[in-house]
Amino acid sequence: MKTLPFHTDEKRQQVSVDCADGRRSVYRYCAFCGHCAGIRVRGRMMPSPQRQALADMKTRAAGDDAMLQAAMMFNSFIREGTAIECDDDANQGFVTLFLY
């Protein structure tokens with residue numbers, strides 16, 4: 001497990017990390033990456049809300065609302081967070097969460 005610190009661009013309000021594929025947007029890539037284990041917020045590791053919502057959708061009859069709420073929670077964690085916890089030890093780069 002590796003910790004990827006955020007690179008923020010205050011002018012455009014962009015947040016990115018140095019992935020195996022190069023510098024990637026947290027909102028576009030990490031939110032939907034199967035390697036994203038969580039977000040580091042104030043020293044605590046918050047688990048990836050999308051990963052939890054997807055697991056709930058597989059085991060229960062949770063609807064699309066669960067994924068929407070997970071995306072909103074992910075965005076609020078990113079605003080307050082400092083880094084992404086990534087379990088990509090083999091340096092594969094982005095892997096879609098929905099096929100993981």
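This is a predicted model: local features need pLDDT of at least 70, side-chain atom pairs count only at pLDDT 80 or more; totals for chains, interfaces and linings use all residues.
Student: How do I read a sheet, and what is the strand order here?

Tutor: Strands of a sheet pair through backbone hydrogen bonds, either parallel or antiparallel. Here an open sheet of 4 strands runs in the order β1-β7-β5-β6, with antiparallel pairing. The edge strands, β1 (2-5) and β6, each pair on one side only. From one strand to the next, the twist averages 30 degrees.

Student: Which residue in β6 is the bridge partner of Ile-39?

Tutor: Met-46. β5 and β6 are antiparallel, with 4 bridges.

Student: Where is the hairpin?

Tutor: Between β3 and β4, which are joined through 2 residues. Strand β3 covers residues 14-19 and strand β4 residues 22-25; they pair in the antiparallel sense over 4 bridges. Ser-16 stands opposite Ser-25 in β4.

Student: Now α2. What is its span from first C-alpha to last?

Tutor: Helix α2 (residues 64-80) reaches 25 Å with 17 residues, close to the 24 Å expected at 1.5 Å a residue.

Student: Which residues of α2 are buried?

Tutor: Met-67, Ala-70, Phe-74, Phe-77 and Ile-78. Look down the axis of α2: these buried residues fall within an arc of 100 degrees, so they line one face of the helix. The face turned away from them carries exposed Asp-65, Leu-68, Gln-69, Met-72 and Arg-79.

Student: What do the buried residues of α2 pack against?

Tutor: β3, β5 (36-41), β6 (44-47), α1 (49-59) and β7 (83-86). On the sheet, α2 touches β5, β6 and β7, and its direction makes about 45 degrees with that of β5.

Technical notes
Residues are numbered from 1 along each chain as its sequence is written. Side-chain values use heavy atoms; hydrogens and water are left out. Two strands pair if DSSP finds at least two bridges between them. The expected span of a helix is 1.5 Å times one less than its number of residues. Buried means under 20% relative accessible area, exposed over 50%, partly exposed in between (1.4 Å probe, protein chains only). The arc is that of the directions from the helix axis to the C-beta atoms. Contact means heavy atoms within 4.5 Å. Axes are lines fitted to C-alpha atoms, for helices over the stretch in contact, and angles run from 0 to 180 degrees between N-to-C directions.
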